[in-house]
Amino acid sequence: MNERLRERAGPELLERLVHLDRRRPPPPTAPPSPPPGDGADFDVAIAGGGLSLLLAPALASLGLRVAVVERGRAGDVHREWNASGPELCPLHESGLFTADEVDALVVNRYREGVCRWHGGGAHPVRGVLDHAVDAGRLLAQVRVLAEKRGVTVLDRASVRGETAGRDAVALDVDGRVLTARVMVDARGATSPYATADLVCPTVGGVVAGLDVDPRVGDILATTEGVEEGRQHLWEAFPGRPGETTVYLFFYARAGDVPPGALVALYDRFFARLPAYARGEARLLRPTFGHIPGWSRLGPAPRAPSPRILLFGDAAARHSPLTFCGFGAMLRTFAPAARAIAAALDGRRYRAPDLFPEEPIHRFTGALARLIARPGPRPDALNGLLDAAFAALGSMGNDAYAALLQDRMRPEEFVEFLRRTAARRPSVYREAAGRLGPLALARWGGRVARSLR
Ligand SMILES: Cc1cc2nc3c(=O)[nH]c(=O)nc-3n(C[C@H](O)[C@H](O)[C@H](O)COP(=O)(O)OP(=O)(O)OC[C@H]3O[C@@H](n4cnc5c(N)ncnc54)[C@H](O)[C@@H]3O)c2cc1C
């Protein structure tokens, strides 16, 4: 398998994958507790300079002294992101960018997206993930803004451990100690506190040479049934002319992903890509990783101190169904910056609430758990998803888009369940079999309470 992958992806990518797959973070260090008082070096230290870098200029513009510690280079991004037009608005509403600058970050807009299921139908939707964003340019500009606003950016610097005291947190940065009144843990899936119960291993990247319609995005698509206990899904978003971002992924419970999963998934990506999309595919920029998700059916990821604030993937407060961390980050970064500033301004510090919970997430986590354990019958899950998306489509574009954009109301969700059950009466039995009685009872209770 590795030979085929080496040939298609190149030795360097294979090496990076094997490294990521095998990587076990070293045990954290524990720097001395910072002394009480207000002598911290910074107000906020952000550990990790990936997408959460958005927080840095927002905090600095509120007058806070901010440091970003990134083990690579802060703002270097190896991903591509899509969002709908309204989801991009916080970028200019927050004052970080002008509306024209945001417009210039969009490399493609498409007419509609589609969810389609093997053996079932195609279910189009408009206004969802239909703007492809130049992720590299976005974060490069965020970094420039951060530096202009006085943020201290430490590149190639790893947070090796941290100790929270009463008034501050001490961070061990490659053996040097840096202190901050709060630490924002934005280390993504590798944070020691990233204990979310679901994970979405994802591989793929920007591909040239595919024969796809640049005006249509594949939001979710399956081309086969359950194999080896997993339902693999594809996603393809046309980007710059001649380029398409293509991902292959599966949903899993966090403990169910063995070492080597990303290498195996990439091998599958290359082997099955010709059956998914026509053309002479050439991988231009590989992107891969694990996206955490929290089902809301168990405990949330938690930091050990109110002075350590989980953010982004470490907190996994985005949709457990779509794993759209980008859209969630756009909604969150500006209010989170204000909440942190308010908490540090008060006479008595209290951990700020960075994530007002979207009501829909209390319901959709069960669906994600169901996809994570799809059961032994190869096409049962495709049948269920097809019935669910046909039901969603029958509720109209707004309801369909609302589910994928985390803004569906509880009453709408119940109507969606009712319509799905009408199309597929076995749905409750199937859910009971896969979720287990406890999770099903917890979930059912929530749905019932939401209607009171
Ligand atoms: C392949 C892939 C494709 C994706 N596609 C989409 C998409 O299309 N749409 C969407 O909405 N979401 C997508 N996501 C999810 C989205 O990218 C994440 O939700 C988002 O990047 C999370 O931001 P973050 O800042 O929490 O973490 P990241 O952006 O992952 O950043 C974490 C940063 O922390 C750094 N770091 C880690 N440990 C340390 C340490 N000890 N010290 C210092 N630095 C450290 C890392 O180097 C990294 O730069 C995708 C994710 C992956 C993996």
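## Overall architecture

The protein chain has 15 helices and 18 strands. Please keep in mind as you browse that this is a predicted model.

How does the radius of gyration compare with that of a compact globule? For 452 residues, a compact globule would come out near 22 Å, and the protein chain has 22 Å, so the two agree. Along the principal axes, the C-alpha trace spans about 65 × 55 × 45 Å.

## Packing, surface and charge

Of the 452 residues in the protein chain, 57% are buried. Among contacts with a separation of 6 or more, 75% are between residues 24 or more positions apart.

The side chains include 59 positive and 51 negative ones, with the centres of the two sets 5 Å apart.

## A bend in helix α8

Helix α8 covers residues 261-276 and is worth a look, as it bends by about 35 degrees at phenylalanine 270. A proline, proline 274, follows within four residues of the bend.

Which residues of α8 are buried? They are Ala261, Leu262, Val263, Leu265, Tyr266, Asp267, Arg268, Phe269, Phe270, Leu273 and Tyr276. Phe270, where the helix bends, is thus found in the buried set, as are the charged residues Asp267 and Arg268.

Beyond its neighbours within four places in sequence, alanine 74 is in contact with Gly49, Leu53, Val68, Arg143, Val153 and Asp155.

## Two positive phi values in one loop

The loop between β18 (308-310) and α9 (325-345) contains alanine 316, and phenylalanine 323 also lies between β18 and α9. Alanine 316 has a positive phi of about 55 degrees although it is not a glycine. Phenylalanine 323, likewise a residue other than glycine, has a positive phi near 55 degrees.

Where do these residues stand in terms of burial? Alanine 316 has a relative accessible area of 0% and is buried. Phenylalanine 323 is buried as well, with a relative accessible area of 6%.

Key:
Residues numbered from 1 in each chain as written. Predicted model: local features only at pLDDT ≥ 70, side-chain atom pairs only at ≥ 80, totals over all residues. Heavy atoms only, no water. Bend = angle between axes of the 7 residues up to and from the residue. Buried < 20%, exposed > 50% of the residue type's maximum accessible area, 1.4 Å probe, protein only. Rg over C-alpha atoms; globule rule 2.2 N^0.38 Å. Contact = heavy atoms within 4.5 Å. Charge placed at Lys NZ, Arg CZ, Asp CG, Glu CD.
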